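Please read this note with the model open beside you. Each point can be checked by eye.

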Amino acid sequence: LAAKENVAPMSQMSFDEHSQRYLLPLAKALGLAFAEKRVEGSWGEHSASSPLARLTLECDRGLYWLSVGSSSQDQLWSIDQVSELFPRVRQSRLGHQRLSLDDQVEFILAHWAEIEMLFSAENAAETNKRLMSVGR
């Protein structure tokens with residue numbers, strides 16, 4: 001991997017396109033409120049949240065993924081990690097979930113009510129412990 005300072009800056013348009021394709025429709029479908037969008041070089045994030053859970057589109061050097069966490073905490077977990085707590089959608093050879101962004105959107109839409117409960121203030125600490133034990 002190239003050193004961070006040698007990585008070309010991420011295209012703002014590319015991040016915006018991903019945000020409009022993935023995060024915007026999810027936020028509208030789930031009734032989420034948008035938070036600030038931050039883009040710095042080849043890294044970016046854009047969040048939307050409910051009172052219980054926060055959904056974030058993240059990018060690092062051209063790789064995009066969706067993450068979720070409690071609205072009351074900074075900790076975020078990739079949807080691949082969170083999906084390990086649910087029946088399998090797709091697995092790698094090693095048994096881990098590996099979902100495309102389209103798969104992640106479908107997963108979130110299908111399980112949002114459960115995801116919100118997992119990351120509610122009452123359950124977030126236990127959910128974080130469970131996710132740490134899943135390990136990567």
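The points below go from overall layout to single residues.

1. **Basis.** This is a predicted model: local features need pLDDT of at least 70, side-chain atom pairs count only at pLDDT 80 or more, and totals for chains, interfaces and linings use all residues. Residues are numbered from 1 along each chain as its sequence is written, and side-chain values use heavy atoms, with hydrogens and water left out.

2. **Confidence.** pLDDT is the predictor's confidence in each residue, from 0 to 100. The mean pLDDT of the protein is 86. A value of 70 or more is reached by 82% of its residues. Read the start of the chain with care. Over residues 1-9 the pLDDT is below 50. Beyond near neighbours in sequence, this stretch has 8 contacts in the model. Contact means heavy atoms within 4.5 Å.

3. **Layout.** The protein has 4 helices and 5 strands. From the N terminus on, the order is α-β-β-β-β-β-α-α-α. Helices (H or I, at least four residues) and strands (E, at least two) are DSSP runs, numbered from the N terminus. Among contacts with a separation of 6 or more, 46% are between residues 24 or more positions apart.

4. **Surface.** The accessible surface of the protein comes to about 7600 Å². Carbon and sulfur atoms hold 52% of that surface. Accessible areas come from the Shrake-Rupley method with a 1.4 Å probe; for residues, only the protein chains shown count as cover. Of the 136 residues, 43% count as buried. Buried means under 20% relative accessible area, exposed over 50%, and partly exposed in between (1.4 Å probe, protein chains only).

5. **Strands 1 and 2.** Two strands pair if DSSP finds at least two bridges between them. Strand 1 and strand 2 pair in the antiparallel sense over 6 bridges. Arg-38 has Glu-45 in strand 2 as its bridge partner. The two strands form a hairpin with 2 residues between them. Gly-41 sits in that turn and has a positive phi of about 60°. Val-39 is in strand 1 (residues 33-40). At 27% relative accessibility, Val-39 counts as partly exposed. Val-39 and Glu-58 are 19 residues apart in sequence and 9.7 Å apart in space, C-alpha to C-alpha.

6. **Strands 2 and 3.** Strand 2 and strand 3 run antiparallel, joined by 7 bridges. A hairpin of 3 residues joins strand 2 to strand 3. Trp-43 stands opposite Asp-60 in strand 3. How many residues of strand 2 (residues 43-49) are buried? The count is 5 of the 7, so strand 2 is largely enclosed by the rest of the structure.

7. **The core.** A nonpolar core is a set of buried Ala, Val, Leu, Ile, Met, Phe, Trp, Tyr and Cys residues joined through side-chain atoms within 4.5 Å. The largest one has 28 residues. Leu-66, Val-68, Val-82, Trp-112, Ile-115 and Phe-119 touch the most other members. Helix 1, strand 3 (53-60), strand 4, helix 2 and helix 3 each give two or more residues to this core. Helix 3 gives the most, with 7 residues. Leaving aside its neighbours within four places in sequence, Ile-115 is in contact with Val-68, Val-82, Phe-86, Phe-107 and Ile-108.

8. **Aromatic pairs.** A search of the whole structure finds 2 aromatic pairs. The rings of Phe-15 and Tyr-64 have their centres 6.3 Å apart and their planes at 25°, so this pair is stacked. Phe-15 is in helix 1 (residues 12-30) and Tyr-64 in strand 4 (residues 63-70), 49 residues apart. Both are buried. The rings of Phe-86 and Phe-107 have centres 5.1 Å apart and planes at 85°, so this pair is edge-to-face. Phe-86 lies in the loop between helix 2 (79-83) and helix 3 (101-118), and Phe-107 in helix 3, so the pair ties together parts that are 21 residues apart in sequence. Phe-86 is buried at 11% relative accessible area. Phe-107 is buried at 4%. The cut-offs: rings of Phe, Tyr and Trp (its six-membered ring) pair if their centres lie within 6.5 Å; planes under 30 degrees apart count as stacked, over 60 as edge-to-face and the rest as tilted.

9. **Asn-128.** Asn-128 is in helix 4 (residues 124-134). Is Asn-128 buried or exposed? Asn-128 is buried, with a relative accessible area of 10%. Leaving aside its neighbours within four places in sequence, Asn-128 is in contact with Gln-73, Gln-75, Trp-77 and Phe-119.
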